[in-house]
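Please look over the sequence and the structure before reading on.

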Amino acid sequence: MNRNQLHDQNLKLVLQQVFNNHPTSRIEISHQLHLNKSTVSSLYNTLMAQGYLRELGYGNASTSGGRKPTMVAINQDYGYTLTFDLGYRHLHALATTLNGKVWKYDRIETQGQSIHEMVAQINQYIAMVQKEDASANGLLGICFSIHGIINDNKIKTSPFIDMDGVDLVDLFTATYDVPVVLENEANLSAIYERDFNGARDLNSAVTISIHRGIGAGVILHRDLFRGEHGDAGEIGQTVTSLEIDGQGQATPVRAEDISSEDAIIRQVEQHKGLKDLDREDIVKLYRQHDTDLALILQRFTIAISSLLYNTMRTLDPDAFFINSPLIEEIPELLEQIRASYRRLANEDFPIDLTTNARLATVLGGCSLITHQVLGLEGYALQFERIPENL
């Protein structure tokens with residue numbers, strides 16, 4: 001490593017220290033990084049000149065006396081990032097300051113809209129945020145959460161939204177001249193668990209996202225595992241059984257055909273001859289102790305526990321997290337999944353529900369784009385936990 005490379009690495013390490021330990025001081029950074037005070041001061045001055053840091057005043061002197069240290073944190077007035085989750089029914093929009101603090105969150109109705117209409121909504125939202133912004137540098141970067149497969153920052157598949165040739169990266173980079181990142185929704189949920197939530201102290205974890213389909217975000221050795229072509233974690237596409245017709249032809253039954261939220265709704269509609277049910281209707285039927293729904297949910301919990309068991313045998317993570325608004329509404333289902341898993345594995349295993357599920361993907365996107373904006377890809381950043389009543 002040459003001198004310039006070493007300087008750049010140390011600069012990033014100092015920035016990482018400030019992000020993860022704010023407020024902190026130069027003397028504390030020196031101790032943590034085992035760098036001499038003059039080196040840290042030089043790096044500190046560079047970051048101050050770039051506007052990334054903000055001095056907060058004096059801290060307490062050490063027990064041995066001496067000068068009080070100047071405390072410093074990431075400058076949250078430097079600028080902001082935006083994350084948009086392109087859901088089938090809603091557009092979730094999150095604005096966060098450079099230190100990862102939530103500034104604005106909104107949920108916008110988009111059911112039945114084309115991608116072109118959704119893009120118009122996004123541009124309107126950005127214009128509104130820009131009018132309210134008083135930061136030094138404004139918009140710094142955009143992340144899009146996609147319910148599909150992403151590879152090399154491009155959408156490979158988008159099963160729920162017809163992209164109609166729209167390239168989000170090219171379009172928004174040209175319009176706003178900032179970095180634009182695409183990532184799979186389940187992967188962002190996994191990043192959220194790692195950087196904000198329950199997996200902060202774990203080496204490896206898998207987040208199972210259960211919405212219209214089923215996906216898994218895989219964190220192995222603290223890094224997101226995407227696979228060679230972005231397809232890692234597509235567990236909803238795994239074949240659970242085969243249906244044989246009268247001619248002996250086999251049709252594969254996939255996991256999300258029977259155990260996604262949409263699959264549950266379809267089964268209830270078929271059993272009851274109803275149409276246009278949604279999650280709220282399912283929860284209402286559950287509270288009414290509907291027997292048809294009880295059987296469907298029993299099959300659901302068995303299927304999900306089987307997915308977890310098979311994933312455990314394949315990846316051997318430290319824990320599972322389940323991102324499911326339906327289970328969040330009916331927490332008894334989580335206990336049933338745990339019990340079913342216990343019967344399969346003959347042992348307990350950490351299986352927890354993602355808290356703040358409605359914000360999980362957009363907060364994961366906040367982490368992803370913040371890493372890029374700060375030039376800290378590959379560096380661990382720890383964000384403050386988000387209150388559950390946000």
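## Sheets, a helix and selected contacts

In strand β3, Ala 73 is the bridge partner of Arg 54. The model is a predicted one, in which local features need pLDDT of at least 70 and side-chain atom pairs count only at pLDDT 80 or more, while totals for chains, interfaces and linings use all residues. Residues are numbered from 1 along each chain as its sequence is written, and side-chain values use heavy atoms, with hydrogens and water left out.

Helices (H or I, at least four residues) and strands (E, at least two) are DSSP runs, numbered from the N terminus. Two strands are said to pair if DSSP finds at least two bridges between them.

**The three-stranded sheet.** The bridge between Arg 54 and Ala 73 belongs to a pair of antiparallel strands, β2 and β3 (residues 70–74), joined by five bridges. These strands are part of an open, antiparallel sheet of three strands, ordered β1-β3-β2. Its edge strands, β1 (24–25) and β2 (53–58), each pair on one side only. Helix α3 (residues 37–50) lies across β2 and β3 and runs at about 115 degrees to β2. Here contact means heavy atoms within 4.5 Å; axes are lines fitted to C-alpha atoms, for helices over the stretch in contact, and angles run from 0 to 180 degrees between N-to-C directions.

**The five-stranded sheet.** A second open sheet has five strands in the order β6-β5-β4-β7-β10, with mixed pairing. Because β6 and β10 (180–184) stand at the edges with a single partner strand each, one side of each is left without a neighbour in the sheet. From one strand to the next, the twist averages 15 degrees. Strands β5 and β6 pair in the antiparallel sense over seven bridges. Within this pairing, Ala 95 stands opposite Lys 104 of β6, and Leu 91 has Ile 108 of β6 as its bridge partner. The two strands form a hairpin with four residues between them, and Gly 100 in the turn has a positive phi of about 85 degrees. Helix α13 lies across β4, β5, β6, β7 and β10, at about 140 degrees to β4.

**Helix α4.** This helix (residues 115–132) has 18 residues and reaches 26 Å from its first C-alpha to its last, close to the 26 Å expected at 1.5 Å a residue; the expected span is 1.5 Å times one less than the number of residues. Its buried residues are Ile 115, Met 118, Val 119, Gln 121, Ile 122, Tyr 125, Ile 126 and Val 129. Seen down the axis of α4, they fall within an arc of 160 degrees, so they line one face of the helix; the arc is that of the directions from the helix axis to the C-beta atoms. The face turned away from the buried side carries the exposed residues Gln 124 and Lys 131. Buried means under 20% relative accessible area, exposed over 50%, and partly exposed in between (1.4 Å probe, protein chains only).

The following elements are among those covering the buried residues of α4.

| Element | Residues |
|---|---|
| β4 | residues 80–86 |
| β5 | residues 90–97 |
| β6 | residues 102–109 |
| β7 | residues 139–146 |
| α5 | residues 168–176 |

**Two residues and their contacts.** His 147 is found in the loop between β7 and β8 (149–151). Leaving aside neighbours within four places in sequence, His 147 touches residues including Asp 85, Ser 158 and Glu 185. Tyr 379 is found in the segment after α13 (357–373). The C-alpha atoms of Tyr 379 and Gln 16 are separated by 7.3 Å, although the residues are 363 apart along the chain.
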